[in-house]
Amino acid sequence: MKNLADRKSAVKKLRSLVYTPRQQIEDFRKNIDKKFSCPILPNHVECSEQAYANIQCDVLVPEMYSSHRIMIYVHGGSFVGGSKNSWREFCATLAAATSCRIIVPEYRLAPAYAFPASVEDLQSVFRNVFTEEQVACSLDSVDGKAPLSPEIIIAADGSGASQAMALILSLRERYRSCIKQVIFFSPWLSLSPNSALIKNKKSRDEILSSEALRSSGDIYTYSGNLENPMVSPMFITEEALENFPPVFIQMGEKEMLLEDAKTFQQIFKKAGKVCELDVWPDMMFMFQMADEFLPESHLAIERVGKLVTFKREAVDEQTLSRAPILENSITAEA
């Protein structure tokens with residue numbers, strides 16, 4: 001990180017991503033769009049709009065991409081805000097890094113459309129994308145060989161991770177088998193009122209608070225549903241993880257969500273499933289969306305790009321802190 005002023009600017013911007021009950025929902029939505037909308041997309045990524053099952057989506061296409069790989073990205077926004085417009089710049093950067101087309105659905109938002117409306121929208125988009133990709137694979141098949149299967153990646157951030165997990169859990173096996181990777185940025189994994197995160201009112205998190213998590217959960221669904229695995233993935237059963245795709249979680253060391261992510265990783269490991277946790281030193285919630293202030297943002301997305309394109313680094317539990325890479329990069333910039 002360059003200096004304290006940059007960090008303060010990053011924190012100020014990222015706080016716009018989190019709804020608090022002191023805000024009017026419409027003001028919250030307008031503020032996200034104001035802070036994150038960008039008229040010019042980076043890396044020569046092309047953006048078009050397409051309807052999948054009457055749900056409007058951004059289709060982001062980088063200059064170079066794999067024709068058989070596509071990502072569906074579920075934006076965050078505390079269940080009540082966010083849009084494909086405000087996530088467009090970030091997803092364009094992600095598309096270029098991963099050499100992957102990205103679909104960003106404009107799903108329905110709470111409170112007007114509470115759970116499971118957004119999940120139903122995502123299901124419709126997924127089925128349509130799957131069918132479209134399956135047809136493309138069939139047309140590209142070589143005579144005498146079975147057609148390739150679509151390679152779909154599900155990615156999400158914040159509250160979007162809850163909705164993405166609900167999507168995956170609701171899919172039949174023929175659909176789920178085509179999901180090759182799940183990528184979460186700073187995921188919300190538990191909205192339970194019994195969660196230590198919800199009960200703890202003295203968190204040092206610079207962006208999130210227990211109040212924000214609690215109020216967002218209360219708007220998204222009724223109180224008796226907050227421990228439903230389709231709302232709080234932390235309550236997922238081992239049986240539900242059968243044939244579950246590998247999960248990659250990237251987040252900052254300073255997040256109050258980190259302990260939940262570690263517990264979630266252990267649930268996967270106990271079930272014999274892959275869940276990799278990539279923790280960045282001294283970083284905050286969704287630091288990847290403050291790339292004009294934080295050099296770590298660029299490095300983190302580059303790491304995700306290598307993951308998707310199978311140029312994996314040899315890392316273990318100790319080296320996931322990324323400290324040596326950051327130190328070398330920042331020294332080089334100086």
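Student: How many nonpolar, polar and charged residues line the largest pocket?
Tutor: A pocket is an open set of points on a 1 Å grid over the protein atoms alone, where a 1.4 Å probe fits, with protein on both sides within 12 Å along at least five of seven lines; lining residues have an atom within 4 Å of a point. Ala, Val, Leu, Ile, Met, Phe, Trp, Tyr, Cys and Pro count as nonpolar, Asp, Glu, Lys and Arg as charged, and the others, Gly among them, as polar. By class, the lining splits into six nonpolar, six polar and four charged residues.

Student: What pLDDT do local features need in this model?
Tutor: Residues are numbered from 1 along each chain as its sequence is written, and side-chain values use heavy atoms, with hydrogens and water left out. This is a predicted model: totals for chains, interfaces and linings use all residues, side-chain atom pairs count only at pLDDT 80 or more, and local features need pLDDT of at least 70.

Student: Which element gives the largest share of the lining of the largest pocket?
Tutor: The space in this pocket is about 180 Å³, the volume being what is filled by probe spheres set on the grid points. Among its 16 lining residues, Glu89, Phe90, Thr93, Gln288 and Asp291 are the closest to the centre. Two elements give two or more residues: α3 (88-98) and α10 (295-308). The largest share, five residues, comes from α3.

Student: Why is the Phe115–Tyr220 pair given its class, and what is that class?
Tutor: Rings of Phe, Tyr and Trp (its six-membered ring) pair if their centres lie within 6.5 Å; planes under 30 degrees apart count as stacked, over 60 as edge-to-face and the rest as tilted. Here the centres are 5.7 Å apart and the planes stand at 70°, so the pair is edge-to-face.

Student: Are Phe115 and Tyr220 buried or exposed?
Tutor: Buried means under 20% relative accessible area, exposed over 50%, partly exposed in between (1.4 Å probe, protein chains only). Phe115 has 19% relative accessibility. Tyr220 has 1%. Phe115 therefore counts as buried, and Tyr220 is likewise buried.

Student: Which residues of β3 point the other way from Arg69, Met71 and Tyr73?
Tutor: Strands (E, at least two residues) and helices (H or I, at least four) are DSSP runs, numbered from the N terminus. In strand β3 (residues 69-74), six of six residues are buried. In a regular strand the side chains alternate between the two faces of the sheet. Opposite Arg69, Met71 and Tyr73 point Ile70, Ile72 and Val74.
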